[in-house]
Every structure is written in structure tokens, then in C-alpha cells.
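Keep the viewer open as you read.

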Amino acid sequence: MRLVKVIFIVLLLAFPAVGAYPVPERGVVYQVMVDRFYDGNQSNNGPFYDPEHRNYRLYWGGDLEGLTENLDYIASLGVSMIWVSPLNDNINKMAHGSAPYHGYWTRDYKRIEEHFGTWKDFLKLVEEAKKRGICIIVDYVPNHSNPAMDGEFGSLYDNGTKITDYFEDTKNASVNPITGIREEVYHHNGNIFIWSGIQLKYANLYGLADFNQLNPWVDSYLTEGARLFIENGACGLRIDAVKHMELGWLESFYLRLYSERPLFIYGEYYTPSPGKSDDLYEFYRYSNVSPVLNIPIRADIVKTFGFVGSLETLSAQLGDYYSRFLYPNKQLNFLDSHDLIRFLNGARREDAVERFHMALALTMTLPGIPVIYYGDESYLVSRDGKGDPYNRPMMVFNNTTEAARIIRTLAKLRKTNDALAFGDFRTVYANYSVWAFERTFGAHRLLVVMNKGSPAELSINLDWPDGTYADVLYGAEMVVENGKATVELPRNSFYVFHIEREQEGPLIGSLTPYTARPGQEILIAGAGFGSGGRVTIGGVEARVLSWNSTEILVEVPSTKTGKAWLDVVVETGGKVSNVAKLRYYSGNGVPALIALNASLVNLSRANLWIKGNLSELAEPRPLLKSSTGYYFTVAPLPKGASFSVELYEGPYWGELRPLGVKLYGFVNSTVVVLREEPHATETAPAMPTTTVVQGPIGENPLPYLLAALLLLGAALIIWKKRG
Ligand code: NOJ
Ligand code: CA
Ligand code: CA
């Protein structure tokens, strides 16, 4: 009996249960600015503390203990993730007339800011949140440390030991021959004044000391810092300012973190409107490194509900936006944030609160994971001003409001209706003030209807079964008869109708994360998975770690492919699922600078791209042009790999034209200079590298242990029977 118990425990350890990791799309995020939430420990409030809460640029006392104390309140809203503002140790001085109460001026990525608490407090927060079905997402800031020319001048510490500051670093800095950037721990290239090209990633963002992530020490320091949060139980990270870092470095950084467990990492790519000059869509669509906050559509939503605007136009804008993403449901929608004016602080309308309710409900029903900014539920506004820092007033707790009820109701529905979590997006009808959209995921359906104008009767074609449907928010009725749906819509109404039926056959809704390398665990979420079956990734069977009808945990196999995207397919009960796409990396990668000497190939073109025969290079990557005569990019490349790339020309938006130039690379260091000839040791054209050293078995002794235990058990039983 004891042996059986031991085997059971080993099995549990070896194979984490599904449900052990959250499915982000089925949840709602609650965003908290820690300093402004709740003061749970008055002994950590100073210095730079304003007990009166008048000076918005000082600390107001909020901390991790205060957040933990209020978890029941947060849980009462039905949310399942809390995004906390940056927790790392910030500078101990004022800069630009402000204390770093917001947490974005880090000086030590291994420590917790003393105003907010300790690692012990963080762990307690994680554990207490977990008891309430909530996990913690930490805001992490790897682009920059703190102001270079004020405060502590970019001072940087490694768990208490001073490493450098911006001035000291200048003395050690040298010019990188490939990028032309003066660098050491930091980049020394002045402030960003051209918001594109090299400056965007290699200069200081508003004077903040910009990290040189390709410096191996910086790379591992920033990774270790992030890992501390993961090891202490965070389920994800919100990465600050991703627009200002090399995509290839982010890919490598994320993959290293994902090797811990399936995490939810999303980025802040700040761009207020989806202008075509921005590289946002191509950047993410091609690589799909990370979900992002849906910043570009937020202004359209606020304008349409808080001011004036047509719902028909909005529906087209949103449809266009979502169509650019492979996984629109993994992006994040929000109405308010710490960077933008709160809706209720901005809207100038008599019916602003009603419109706020509508806009809130909309962000919770559109494709994407909803983020509720602290105090949205209690109509928190500031009388002292509007934008940053006034969008960060002290929290007012009230979960009995209509806004709180909307949040709670839709968060609950999201857990049971997969059309909210994974559904598609189709406008059924739209005019200036009335809009109906449908979302479908297999046997789960959702119809959202709203009217911001005079009372109207909506009659639309809808292929739902005949019957009377009750809206989840207000109990309004919709009658469906012979494919026609009719619903009465008073002014400022917002209704959500839904169907949940049994899903027959497997249907994949999401992968978490959707980027992976061999040996990494990914969580497949969806419906109709039954109790067992088979998963293939790129045609290769994946090791199943656990399985239930809505979630499967698998280990990504190694495959000999040069493709960027692999098909993920679930088979169960003789049925085969839809195909989900996994961004595949062959593994064992290091962030490498790939360079092309412009004179070598006699090129003087503006928009050059490379596309190569490794998974890592199989999506086109744009090259930057340096002042030193090179074109370059960064990509995670497997050590020891030989590869070839083709050159292309073209804009971010539009067709790429092959230039008929083939170049070769060999990864023997973190700088790969492309050449016209294949690497000398090569006898044949470069093959995709699939020699993965860190396969699951090699890394994880548990399967061996388990096999040994099973053998031992069998031997014992035989021995006992014989005896
Ligand atoms: C974006 C953050 O959201 C903002 O609050 C911060 O000041 C900047 N990044 C710089 O870290
Ligand atoms: Ca405090
Ligand atoms: Ca940068």
C-alpha cells in the first residue's frame, strides 16, 4: 500500500495536473498600482511620503501587505489575475520632481522596493491569492533602469552590490562596430528624438538609462531578476516598453522564462493609434513573440462612448485591428490605465456613467482578455487633474456598484462560455448607435447588442435555435424565430445573450504560451477533449503530461523542421481537432547579433529583410542600418548552427521582394557576420539544426526515477508473491 502511495506521489510530481496553470483567456486581469491601493504597513512609508495624499508625485503608503489584506475584495469581482505595478527596488532619490512611487525607476532587479515590502510579503501575496483562485502578474521593466541624468543617474545594483551608474558606465563604454552604438551595460546614444529605426531601441526613452540587453551580463542579470518572480510563484509578467527593445532579445528572454512553466507574458507596445507607419502589427504578426495590451483601439472605444462617434465605424476599426493578430483573444483590452486619462475623468456627458458601463461591458466581451484598472468598479476619479499622475488616486473600495456587478457577471460568464474566451468576432449589424456582434466557439455562442441612441427595436438574421434568450446582465429578452432575432433596445442599453452546449469533438481555443522550443510545456485549452487521446505538434507526437476535457498539458517535441509555425492537433475519440499554430524555435538559442556588411553586397537600400532556413529565421526579419556600414538584426540562434538567409526588400506594410542574394552564417559566437560562402566545415547546404541538447529526459530525472520505482514495485510484488 505504501509503495502505491509513493508511486502516486511521484506521478503527481512528475506530471503536473491540468488546472495547475491558469488559462489566461478564461480570466480577467485586475491592475493595481501598489502605492495607491492600500497601506497595510505604516512602518515602510517613508521617505518621500505624503500622508495627506495631496502630492501625487510622492509615496502614499500602499504596499504588498495592503494588497494581500484586500484579496477578498478583489476576488469578489470575479477576477483571476492581478497585474501589480513594478515591485523591484527603485531609486532612493527624487528625480524630475517625483519619487518613484510608480515603480518604473528600478535600481536593483533582485530586490523588492522597501516601500512595498519584502520577498516574504510577495510570497504571501501569491499564496493568499492562490487560495482565492487568483494569480499574480508582475510588471517588469527590462528596457531601462532609472533616469540617466537625475536622481541616482542610472545606478544599478545586483542584490545590494553596486554595479554601475550611467556616468561610470560611459567611461567603460565603447562603440559597437556593427550597431555603431556606444555601449556597455547601458546604451550611450542620447535620448530618442526620432521615433523609429535605431533610436527607438538603442537610445534613452525620456532620459531613462537604456539597457544594452546584448551585453551577456545584462542579459543574464535581467533574466535572473525576472526568474525570481517566477520562482516565487508569479504566473506571468507584463513587460514594459517592448517597443524599445530588440525583438530577437525578447524572444530569447521569453523562451528562457517559458522553460520554467507555461506563463502568461504580455507586453506594453505604446502606440495610441494603429498608424500604418508603426511596426507594431508586423512586429507581432510575424513573430508573435508576445501578446500586447490593445492600446491602439482604446482611444476609439473611449471616443465612441465617452464623447461622440459611430458604432459602425468602431466595429470596422476593431475588426480591422483584430484581423492583424493570429491570436486576438490573447491580447488585452482595457478602458482605463495608469498612463491614460480615466474614462470618467475625461468624458463630458450627462450620461457618462451609463456610457462607462457600456464601454466597460464592451471591453469585457470583445476578443481579448479584459483588464480592469483598480477603482474602475468604484468610479474612482481625481478632482485634482486628469492624466498621469492624477489617474493614480488612492483607491476607494466599493464592490456594490453597478460597475462591480457588470465586472463580476461577465467575469463569471467568461469562465463558462468559451465564445468569450476563444470565440471569433463577427459584426451582425451596425449603424451609428446600434451594434450587434456575434462570437462563436464550437457549441458556445455569444451575441452582444447595444444601443447608445434613441430607443430602437433590433431585428436581425441569426441562426440560433428558436426560443427566448435572457441577457446575462439585465435579464432583457431576445426572441429567435425562424432565423430572425428581435430585441427591444432602450437608450444606452447593453445586452449579452449566450448559448453553452456540449462540444462534440476536440476544438482548440488557445495555446499558453504560443511560442516554444523542444522540452517546453504548453497548455492547450479548448473543449471536447474527452479524457484522453493524442496531440501532435508539427506531425510529431507530443508527450502528454495531463489531460481533461478542456485542458491538455503537453511537452513540445523536437522536430526536424525549418518552419516558423508548427501545427498543433488534438485527436480524441476518433475525431481530429482544428489546427492551432505554435511558433517554434529549435532550441538552445542565444540572442545573437546577425550582421551584414553593406559594402560586401553593394547594397544601399532602406528596407532590407532576411529570411532563413532555421525556424528562428523562417519569418522575415527587418534589418536596421548602422552608421558603421552594417545592416543588422537580433535573433535567438542555436549555438553551432550553420544557416543561410535570403535578402528581401520592402516596407513593413506590403509585399516583400526577393533580391536574389543568398548569404551564410555560422553561430560560433553571439555575433554572426553573414558571408557570401557557406561556412568552411560545411559539406552540404546548411540544414536546420535540431540537435537539441536539452531534451526533457536529459533535463528531468523524474521519468527515470518513476521507471525505476515501477520496476522496484513490480520486483517487490513478484518477490512477495513468491515468498
Ligand atoms: C510605460 C509605463 O506604462 C509607464 O507608466 C512608464 O512610465 C513607462 N513605460 C516607462 O517605464
Ligand atoms: Ca506602507
Ligand atoms: Ca532600449
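Donors are N, O and S atoms within 2.8 Å of the metal (3.2 Å for Na, K and Ca), and because water is not among the atoms, sites may look incomplete. What you see is a predicted model, in which local features need pLDDT of at least 70 and side-chain atom pairs count only at pLDDT 80 or more, while totals for chains, interfaces and linings use all residues. Residues are numbered from 1 along each chain as its sequence is written, chains are lettered from A and ligands numbered from 1 in the order in which they are written, and side-chain values use heavy atoms, with hydrogens and water left out.

Let's start at the calcium ion (ligand 2). Its donor residues follow the spacing D-x1-N-x2-N-N-x15-G-x1-D in sequence. By atom, the protein donors are Asp39 (OD), Asn41 (O), Asn44 (OD1), Asn45 (OD1), Gly61 (O) and Asp63 (OD), and they lie 2.2 to 2.5 Å from the ion. Asn45 and Gly61 both sit in the loop between strand S1 (29-32) and helix H2 (64-69), so this pair ties together parts that are 16 residues apart in sequence. Here helices (H or I, at least four residues) and strands (E, at least two) are DSSP runs, numbered from the N terminus. Asn45 counts as buried at 3% relative accessibility, and Gly61 counts as buried at 2%. Buried means under 20% relative accessible area, exposed over 50%, and partly exposed in between (1.4 Å probe, protein chains only).

What is the arrangement of the 6 donor atoms around the calcium ion (ligand 2)? It is irregular, because the donor atoms subtend angles of 64 to 174 degrees. Six donors count as octahedral if opposite donors are over 155 degrees apart and all others between 65 and 115. For reference, the ideal angles for six octahedral donors are 90 or 180 degrees.

Asn143, in the loop between strand S5 (135-140) and strand S6 (144-147), and Asp210, in strand S11 (residues 208-210), are 67 residues apart, so the pair links distant parts of the chain. Asn143 is buried at a relative accessible area of 0%, and Asp210 is buried at 0% too.

Now to Ile524, in strand S26 (residues 521-527). Ile524 is buried, with a relative accessible area of 0%. Beyond its neighbours within four places in sequence, Ile524 is in contact (heavy atoms within 4.5 Å) with residues including Ile508, Leu511, Phe529, Val535, Ile552, Val568 and Val570. Ile524 and Leu553 are 29 residues apart in sequence and 6.2 Å apart in space, C-alpha to C-alpha.

Tyr281, in helix H9 (residues 280-287), is buried with a relative accessible area of 3%. Its C-alpha lies 6.4 Å from that of Arg324, 43 residues apart in sequence.

Finally, the whole protein. It has 17 helices and 41 strands, and 61% of its 723 residues count as buried. Of its contacts with a separation of 6 or more, 69% are between residues 24 or more positions apart.

Key. Tetrahedral: all angles 85-135°; square planar, octahedral: opposite > 155°, others 65-115°.
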